[in-house]
Amino acid sequence: MNTAFIYDPIFLNHDTGAGHPERSQRLSAAYNVLSAQPWFSNLQCLKTAKADLQWIGAVHDDRYIGRVKQACDLKQRHIDSLDVSICKASYDVALNAVGSVLAVADEVMANKVDNGFAMIRPPGHHAEVNLAMGFCLFNSIAIAARYLQKKYRLERVLILDWDVHHGNGTQHIFEQDSSVFYISVHQFPHYPGTGALAETGIGEGQGATLNCPMSPGLGDEHYRQAFKEIILPRAKTFAPDAVLISAGFDAHKADPLGSINLNSQSYVWMTQTMMELADQCCEGRLISVLEGGYDLSALAESVTEHVKTMSQS
């Protein structure tokens, strides 16, 4: 496999303050382990660049984008809620985060790579059209889905979200749209309170949202069952033109913000499963984007296993 990888020290400039779980050490710890692997040099390392505002505006309200910029320019410490900490650099960092995901998408669509992983922050899947939530400013995975549809004319995009927290923002952005199939497997009940089994889409989007809520304490066996019996059959029927992963690693048993008992090897088989789906449906086109993961060792190990699987399967 030929795998794109993108990371830049600029992502460390998003300063969330002392004691915040979504801290810069998440990425530096993961990069230190990942870059020490003997196969790391085989990855196609890309350079980051700011996303054009037209692509962010394809998902987010223009007034919201302006509010984020203004809040950062004014050196405010939070926006919309106390869990979304920001600093002066956060707006530019977030533009580069989105731009990095789109850069991976470009490489995949140009057939220069088979798949790719964007190791970025801040994360994105909680960000609503006009609201920052849950450490998130811009919804990178949602923007990437619209980018693939608008720039590359893809008809059907599948987003699998395996973060321990439900991606409320991504679901709400696409819940009336049958062309984007949002699937989430997550702890429930848990933050942000959305993601019940009965949430299946609205109007024309009815049936294009699939939630697989998991009770606290469940682990690998239950996830495998959900993939085999529910997620994969529905995903194959949808037959996506591209597969996107909101790759949070906070369902790991060591993570302080969740109560799901996965281990790092669980991410290996989940990655393999989605790669097989992409091979069957869309010539292997798969783009993965980092979301959560807050135990530094568990995050570093899980990310490394994820990227290794993408590049060597």
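Which elements make a right-handed β-α-β unit? Strand β1, helix α1 (residues 25-35) and strand β2 make this unit. Right-handed means that, with the strands pointing away from the viewer, the path from the first strand over the helix to the second runs clockwise. This is a predicted model, in which local features need pLDDT of at least 70, side-chain atom pairs count only at pLDDT 80 or more, and totals for chains, interfaces and linings use all residues. Residues are numbered from 1 along each chain as its sequence is written, and side-chain values use heavy atoms, with hydrogens and water left out.

- Helices (H or I, at least four residues) and strands (E, at least two) are DSSP runs, numbered from the N terminus.
- Strands pair if DSSP finds at least two bridges between them.
- Strand β1 (residues 3-6) pairs in the parallel sense with β5 (residues 115-118) over four bridges, and Ala4 stands opposite Gly116 there.
- Strand β1 also pairs in the parallel sense with β2 (residues 44-46), over three bridges, where Leu46 is the bridge partner of Ile6.

**The two faces of β1**

- In a regular strand, side chains alternate between the two faces of the sheet.
- Thr3 and Phe5 on one side of β1, and Ala4 and Ile6 on the other, are all buried (under 20% relative accessible area; exposed is over 50%, partly exposed in between; 1.4 Å probe, protein chains only).

**Cysteines**

- The structure holds zero disulfides (pairs of cysteine sulfur atoms within 2.5 Å).
- Cys212 is too far for a bond, because the closest cysteine sulfur, in Cys281, is 17 Å from its own sulfur.
- Cys212 is buried, at 5% relative accessible area, while Cys45 is partly exposed, at 45% relative accessibility.
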